Amino acid sequence: MALNCGIVGLPNVGKSTIFSALSSAPAEAANYPFCTINPNFGIVDVPDSRLAKLTELFKPAKTIPASVEFVDIAGLVKGASKGEGLGNQFLSHIREVSVYAQVVRCFDDPDIIHVNNKVDPESDMETINIELALADLDTLQKRRERADRALKVQAKPEQKAAETVLSALDKIGPALENGKPVRSVDLTDDEKAAIYDSHFITAKPQIYVCNVDEAGMKALAAGSLGANPYTALVQKRAEAEHSAAVAICGKFEAELAAIDDLEEKLAFLEELGLKESGLASLIHSVYRLLGLRTFFTAGADECRAWTIHSGDSAPKAAGVIHTDFEKGFIKAEVYSYDDIVKYGTEAKIKEAGKYRIEGKEYIVQDGDVMFFKFNV
């Protein structure tokens, strides 16, 4: 399944630097606002130690990790919802991503320009969130006009659908007017489906990324985000929104990305007291936020990680590999990652009675290793 994450924030807060470090893809970064005009795209492998272990056990011809596409989007400023800066261009790009990561500057450096001439995470987050809410209010008004017209001229089924749309918009409007996101509004499943075509930006999940310097990264390694007054403010905001916050140091991530040897990378992380890189922390947080899970296929030809949603059935998981697998699904042969680590081979898993045959109703679990039988 395709997963893309937009990197957003005020101009010159380090979005392009972080993007380049995460994706190993060059993105122009400079000490002035609106350096990024057109979005940059980069594909990033999802870090997963389980896939590395499966590769060690099966020694396949190739190993294919799951991936995430990161999109570095032009900076947003106050008034963007009315076209200020590169507002309209920014807003069109952000509508196309699955989730967005808002980069917030959390370090002091007089040599790096801040668009508002001061480091203030609370103000920065407020600017971004209000502009997105204002953009959604404009979308809401246009959607309301369409629904009102449908009530007057369409047939009964279309009128009923329009009533559902208006019910949802009546709930969403007051929230947006108070700068709150659409995702915070309690909507029924029917209402969510009715407004899906509106593509409200603030209906998308959001995660906060604290851009810290090297000193800040070392300080955070010893504790939580609360160890830094700037990142503590971001964490407080994220918790209030039932979202997540991670800390990333662009310079550190760039240095880490330049190291090819895995053991050397781990030693570098351990030296700073970190369990994983900022990239891994961000991707894992995005997975949790979106309710994503990973299953594996493993064998001599290939070991591969596949991404599904929590609650997906075995046929649905098969369809991620190929639509024919879902259409002609017969059964799935399944065992857990923990069992292959414990027993070492599939033969021993079978001897232990841990090798299972599952049907169409089976809900795939995170870490399942699966082989599908199908007929088309």
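Tutor: Two strands pair if DSSP finds at least two bridges between them. Keep that in mind as we look at this predicted model.

Student: In E5, which residue is the bridge partner of Gly6?

Tutor: Start with the strands: E1 covers residues 4-8 and E5 covers residues 99-105. They run parallel and are joined by 4 bridges. In E5, Gly6 has as its bridge partner Tyr100.

Student: Nice! Which strands stand at the edges of the sheet?

Tutor: Let's follow the order of the open sheet, which is E2-E4-E1-E5-E6-E7, with mixed pairing. A strand at the edge has a single partner strand, so one side of it is left without a neighbour in the sheet. That describes E2 (40-45) and E7 (244-248).

Student: At what angle does helix H4 run to E5?

Tutor: Find H4 at residues 121-153. This helix lies across E5 and also E6 (206-211). Its angle to E5 is about 150°.

Student: Are H9 and H10 roughly parallel or roughly antiparallel to each other?

Tutor: The axes of H9 (residues 250-257) and H10 (residues 262-271) come within 10 Å and cross at roughly 155°. Angles over 145 degrees count as roughly antiparallel. Therefore H9 and H10 are roughly antiparallel.

Student: How many residues of their contact are charged?

Tutor: H9 brings Phe252, Glu255 and Leu256, while H10 brings Lys265, Phe268 and Leu269. Of these contact residues, 4 are nonpolar and none is polar. The number of charged ones is 2.

Key
Residues are numbered from 1 along each chain as its sequence is written. This is a predicted model: local features need pLDDT of at least 70, side-chain atom pairs count only at pLDDT 80 or more; totals for chains, interfaces and linings use all residues. Side-chain values use heavy atoms; hydrogens and water are left out. Helices (H or I, at least four residues) and strands (E, at least two) are DSSP runs, numbered from the N terminus. Contact means heavy atoms within 4.5 Å. Axes are lines fitted to C-alpha atoms, for helices over the stretch in contact, and angles run from 0 to 180 degrees between N-to-C directions. Angles under 35 degrees count as roughly parallel, over 145 as roughly antiparallel, 65 to 115 as roughly perpendicular and the rest as oblique. Ala, Val, Leu, Ile, Met, Phe, Trp, Tyr, Cys and Pro count as nonpolar, Asp, Glu, Lys and Arg as charged, and the others, Gly among them, as polar.
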